[in-house]
Amino acid sequence: MERPLALAGFESQSARAHVVTVLGGIVVFLLGYFGAVAAVYGDVSVLALEANIGAQRVGGVAGAVLAWAYFALAFVRGYGSPIGNAVVYPLVIVVVAPFLARWAVFGPDVLGLIDRFVGLFLLEPLVTTAIVVLPGLATGTTVLFLWATLLSDERRREWERTHLPAAFLEAFVDDSLE
């Protein structure tokens, strides 16, 4: 089974470099997540209970901003995956990593999780996800926008030929402007 073309890695990288890039994004997110909570609340143990949504949001926003910036810079350097770096990898990390990290450090708060995801407050996890994802997505978009504005058309085409696989270029990049 082949990977979808949109998640295929950049042309000049190995599978190992691709995996290391994604693992680096996880580490960057967790450093931002726990670091922001420690800076704001003085102690990461406030994350032990699922009910402390404020601490989760603070850590999530910081981690998301760092993760999306990291993946945007990895995109610029030609590591990871063209579509994966922009959306898929940081989104999955930002949504899944906080649960797994809190559970690994403090153990699962099953009752708190049930209270949070069942009943009238089902909307809260979606609101928290939006609060966390939007600043990260904006950061990644800004980094990529700034990078793109610094490139001339010639340098952009050279970057595309160097880093993007031929099949990806053919499927996703419009060469009609050349």
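Predicted model: local features only at pLDDT ≥ 70, side-chain atom pairs only at ≥ 80, totals over all residues.
Me: Which element supplies the largest share of the lining of the largest pocket?
Reply: The largest pocket has a volume of about 310 Å³. Of its 15 lining residues, the closest to the centre are F75, L144, W147, A148 and W159. At least two lining residues come from each of α3 (82-106), α5 (123-150) and α6 (153-163). The largest share, four residues, belongs to α6.

Me: How many nonpolar residues does the lining of the largest pocket have?
Reply: Sorted by class, this lining includes one polar residue and three charged residues. The number of nonpolar residues is 11.

Me: Which elements give two or more residues to the lining of the second largest pocket?
Reply: The second largest pocket has a volume of about 230 Å³. It is lined by 16 residues, of which V95, F99, R116, T128 and T129 are the closest to its centre. Those that give two or more residues to this lining are α2 (53-77), α3, α4 (110-117) and α5.

Me: How many charged residues are in the lining of the second largest pocket?
Reply: By class, nine residues of this lining are nonpolar and four are polar. The charged residues number three.

Me: What is the nearest side chain of opposite charge to D109, and how far away is it?
Reply: D109 is placed in the loop between α3 and α4. Although buried, D109 has no salt bridge, a contact that requires a distance within 4 Å. The nearest side chain of opposite charge is R102, at 7.8 Å.

Definitions and conventions
Residues numbered from 1 in each chain as written. Heavy atoms only, no water. 1 Å grid on protein atoms, 1.4 Å probe; cavity = no way out; pocket = protein on both sides within 12 Å on 5 of 7 lines; lining within 4 Å. Points joined across faces, edges and corners; volume = space filled by probe spheres on them. Nonpolar A, V, L, I, M, F, W, Y, C, P; charged D, E, K, R; others polar. Buried < 20%, exposed > 50% of the residue type's maximum accessible area, 1.4 Å probe, protein only. Lys, Arg positive; Asp, Glu negative; His and termini not counted.
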